[in-house]
Amino acid sequence: MSDRGVVWLGSPSFPEAARTALADQQLRTNLRRATTTIRDKRLAVAAELDDWEELRTAAEAIKRRTARHLDRYLLQLEEAVIAAGGSVHWAGDAAEANRIVAALIQATGEREVVKIKSMATQEIGLNEALAREGITAYETDLAELIVQLGEDRPSHILVPAIHKNRTEIRDLFAAEMAHWGEPAPEGLSDDPRELAEAARRHLRKKFLAAKVAVSGANFAVADTGTVTVVESEGNGRMCLSLPETLITVMGIEKVVPTWSDLEVFLQLLPRSSTGERMNPYTSTWTGVTEGDGPSQFHLVLLDNGRTDTLADTVGRQVLACIRCSACLNVCPVFERTGGHAYGSVYPGPIGAVLTPQLVGVEQAASLPFASTLCGACYDACPVKIDIPEVLAHLRAEVVEAKRHALSPEALAMKAAATVLDSPRLLSAAQKAASLGGRVLAREGRIGRLPGPLHGWSDTRDSPAPPAESFRTWWRKNREGTP
Amino acid sequence: MSSRETVLARIRGALADVPAEEGPEHVAVERAYRRSHLEPGQDPVELFAERVADYRATVHRAAPEDVPAVIARALTERGVSRLALPSGFPAELLPSGSRQWQPEPLTVPELDALDGSVTLAAVGIAVTGTIVLDAGPGQGRRALSLVPDYHLCVIRAEQIADDLPDALARLDPARPLTFISGPSATSDIELDRVEGVHGPRTLDVVIVEQSVEQS
């Protein structure tokens, strides 16, 4: 975890991680098939709405209005949630959010919770934090279950286990389910239908017995206090309506001003995300309802770097993101490297602009460069985040940050300047280069350089230095002659 | 300073570029999008039926007097005989026969032991093929349409809104709402769509046509 609490960040950096991913032929095949499929479905359903551009424009404006008056909307949301019987908690960073959630669970006396797939809780590493407190969090989304059973990492915002194929999933279920609860049935095949059935049986008892659930939120409406979760499988509905206590962790940027604003986002999100007119299930709730659903509702409002992002007048537009993942599926870089290479729970183009802002550019300096700036992500974004603009802006910040902490290239240039200033040093350096260069060279060319200089040599071969420098030759043959 | 005050102070500091006199209403939101994506002359009920079926739910259309018979036929076809019955479900819609109707209140394990449930709906949305339940009379708690593996939902034609904006305006956000667009589904394994993971794997929708006097 980085200092600021975004999990598994920055090791290794994007270029290194991408090189490993690119060598994985199976991964590239899986990814290409997945991204192409979702991309085509999205285009078809977006094209059904001839006012798609007007919807995007409205969404962008609603998000801009919200961001510019965020304090006011959060206070309004807080008031409405409390009035409806819920509680509201504020968390400055990941550690604080995790402490709040752990304490709320401990107060119920429970040691197990069921969870709905949520980017915010992944971002803060909630499951790991709860495990340290002796609380087990069960992921109930099928893809998240696959990731959890495999002690793996999600690789896509919408379909976190897209890097795994059916056979790998079958083997994982057969080997791991028994350690977590209901074992996989004997002779389980790799048919997705059978695998989904195994997941259903595995989680059924957990749902029916769970006293506490943890969720994220897709939207929260300031004027009514209504919280929304959008999903497909029904695991969300199970968590939202069967347990006695519901704890929702949401980034402060998820608030929208009014109930009717959802008419814009509920049209844009499913079409952009899964390429459906509507996702199978959307749940909305306002506080608690007597006789239906949890009797305790806690809303945790999470900052964790969002206010720093808000302070950047170019970068703040990234807070409009509704986590649809459309930008991932159109990105030529993501399609080839997959999500793990980004080293963050937020991969792809949105990850390249969101992660460095949440953790500070110096922590994720390679991510703003993980893009061709082709602009496909901007076209696909349903809330019109100008990702290329933010990428270019963050690149400038990375360069600025590097001026203060000298890079290997800068150190080399500084050394070169000193040497070139002095004939004596230059002569010595040339002698050394001649010796060293010939040691490194193969057939008169220098290939890969050792140490930090490999970044330069990786993409080009250089001729080996001559055995004798011009100055040496001159001194030997011409000096003293008229 | 509490975390609440800290976060609020950070937000206000971050928004130093926003003029103090600016209110939310000063940030223009142009709503040039359509209120409805229904084509002129298009029948919302027709479109609703088509779009619900597109999610691989089964759609039945029935005149008011035929509803019990249509429900009976659907239940027989699915082999569903033990059902949860929400309070307020109209007795005149219930088919006769040897089915077991379990009225509320039911515990979750009792619900889990049943084959299915029948409910009414609050609102339908034609363009997206969505039914919305608001836990009102005849719809029951959210668990009722969730835990059993089969859900049959009866919706009256006049409850079907053209599109999402109109539907949201008809709904009360203070109630717990469930928007249902087809049966439970997942595409998490190689993007291969599978109907049914945790919610009902089978969804039957009965549209009650408007009678001549009503229209």
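Visitor: Which word applies to S469(A), buried or exposed?
Guide: This is a predicted model, in which local features need pLDDT of at least 70, side-chain atom pairs count only at pLDDT 80 or more, and totals for chains, interfaces and linings use all residues. Residues are numbered from 1 along each chain as its sequence is written, chains are lettered from A and ligands numbered from 1 in the order in which they are written, and side-chain values use heavy atoms, with hydrogens and water left out. Buried means under 20% relative accessible area, exposed over 50% and partly exposed in between, for a 1.4 Å probe and protein chains only. The relative accessible area of S469(A) is 14%, so the word is buried.

Visitor: How many residues of helix α8 (residues 142-149) of chain A are buried?
Guide: The buried residues, among them E144(A) and Q148(A), pack against α6 (119-123), α7 (126-132), β3 (136-139), α9 (166-180) and α10 (192-209) of chain A, together with β10 (185-186) of chain B. Here contact means heavy atoms within 4.5 Å. The helix is largely enclosed by the rest of the structure, because the buried count is eight of the eight.

Visitor: Which residues touch the most other members of the largest nonpolar core?
Guide: A nonpolar core is a set of buried Ala, Val, Leu, Ile, Met, Phe, Trp, Tyr and Cys residues joined through side-chain atoms within 4.5 Å. One such residue, I385(A), is in contact with Q317(A), V318(A), A320(A), C321(A), I350(A) and Y378(A), leaving aside its neighbours within four places in sequence. A second, separate core of 67 residues includes L203(A), A222(A), M250(A) and V194(B). In the largest core, which has 83 residues, those that touch the most other members are V264(A), F265(A), I350(A) and I385(A).

Visitor: At roughly what angle do the axes of α16(A) and α18(A) cross?
Guide: Axes are lines fitted to C-alpha atoms, for helices over the stretch in contact, and angles run from 0 to 180 degrees between N-to-C directions. P349(A), I350(A), A352(A), V353(A), P356(A) and Q357(A) of α16(A) meet I387(A), V390(A), L391(A) and L394(A) of α18(A). The axes of α16 (residues 348-359) and α18 (residues 387-404) of chain A come within 10 Å, and the crossing angle is roughly 40 degrees.

Visitor: What is the bridge partner of L120(B) in β7(B)?
Guide: Strand β4 (residues 116-120) of chain B pairs in the parallel sense with β7 (residues 150-156) of chain B, over five bridges. In β7(B), the partner of L120(B) is V154(B).

How values were computed: Pairing = 2+ DSSP bridges. Helix = DSSP H or I, 4+ residues; strand = E, 2+ residues; numbered from the N terminus.
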